Amino acid sequence: MALNVLVVDDSSVMRSMIIKTLTLCGLPLSEVHQASNGVEGLDVLDRNWIDLALVDINMPVMNGEEMIKKVRAMPETTDLPIIVVSTESSETRIDSLRRQGTGFVHKPFTPEILRETITKMTGVTENEHSGDGTISDSGPDF
Amino acid sequence: MSTVEMELYQTAALTFEDLAFTFLTPEMLDATLEVEPEASAFVEFKGPISGRMVISVYGCVLTEIAANMLGQSEIPTDEEQLDALGEMANIICGNVLPKITNKTDIFNIDAPKASNGASVWADASGSPAAHVTLPLADGRADLMLYIN
């Protein structure tokens, strides 16, 4: 199964790093969407089928925590695999995020950690058939 | 070096290595000691303690940091270079705060602000609680942690 992925981070450099890591990991990717905050991320989810979301926490406009709460509250996306990719180090907040069914990758991350977490969250491995790896846009979807 | 400065130094050094593949060098270029910063960025944080962390880079390190983070040989745009420095500040700050407080404490870190030169943090007043310098191959990075 090739994955449609959404990357939500207010840093365009970090989004590029994550996307490059996804590509280098050999994971089967179809479309890769980008958003720079939670509001934009929710809009992408509203307009596209997404198999996996990688979400930062500290972002302007709407942070990742709020976005994840809204995603879980919507029937269409309540079971969406979400991986938080963040500098967050508070055990309290990380436990809270995990209770919402998210994976967690701490920044700075290694490609191996990101790949392992994606495999764990989606069950998809690099051995599966690869899609065309289309990047929907060089910048955010907005 | 105080405990806070030690934590800030080690966290920053690891972040430069892991994120930007930029390693510390034993010798610092004299030319980078008394010049205007190449660029600066800061993040403000609120929680059990509040304040801001500032990073300034001197010499010719900004392009390398951004290019390494992006994994590209082309020179990143000015916007990408400042974004990279801001993200560096964000990650260092997010990692150092639990080391100088408690692991269960919750902090909210604002989006980083970055600019060329030193103007971005020129309004920082008072003495920093911690100030460390990282010697890099083509310059240096100064990090200052201000606590309100």
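Predicted model: local features only at pLDDT ≥ 70, side-chain atom pairs only at ≥ 80, totals over all residues.
Helices (H or I, at least four residues) and strands (E, at least two) are taken here as DSSP runs, numbered from the N terminus. With that settled, I looked up A:Thr87 and found it in the loop between strand E4 (82-86) and helix H4 (91-99) of chain A.

**Entry: around A:Thr87**

Is A:Thr87 buried or exposed? I counted 24 C-beta neighbours inside 10 Å, so A:Thr87 is buried, the cut-off being 20 or more. Next I checked A:His106, which is 19 residues from A:Thr87 in sequence, yet their C-alpha atoms are 5.6 Å apart. Leaving out residues up to four places away in sequence, I found A:Thr87 touching A:Lys107 of its own chain, and B:Asn90, B:Ile91, B:Gly94 and B:Asn95 across in chain B.

**Entry: the chain B side**

That sent me to the interface, where 25 residues of chain B are in contact with 20 residues of chain A. On the chain B side, helices H1 (3-20), H2 (62-70) and H3 (78-100) and strand E3 (108-109) each supply at least two residues. H3(B) gives the most, with 10 residues. Sorting this side of chain B by class, I got 11 nonpolar, eight polar and six charged residues.

**Entry: a helix pair in chain A**

I then turned to H2 (residues 38-47) and H3 (residues 64-73) of chain A, whose axes come within 9 Å and cross at roughly 30 degrees. The angle is under 35 degrees, so I logged H2(A) as roughly parallel to H3(A). The crossing is right-handed. H2(A) contributes A:Gly38, A:Gly41, A:Leu42 and A:Leu45 to the contact, while H3(A) brings A:Gly64, A:Glu66, A:Met67, A:Lys70 and A:Val71. By class, I noted four nonpolar, three polar and two charged residues in this contact.

Methods. Residues numbered from 1 in each chain as written. Chains lettered and ligands numbered in written order. Contact = placed C-beta atoms within 7 Å. Nonpolar A, V, L, I, M, F, W, Y, C, P; charged D, E, K, R; others polar. Buried ≥ 20, exposed ≤ 12 C-beta atoms within 10 Å, placed from the backbone. Axes fitted to C-alpha atoms, helices over the stretch in contact; angles between N-to-C directions. Parallel < 35°, antiparallel > 145°, perpendicular 65-115°, else oblique. Left-handed = near helix turned anticlockwise from the far one by under 90°.
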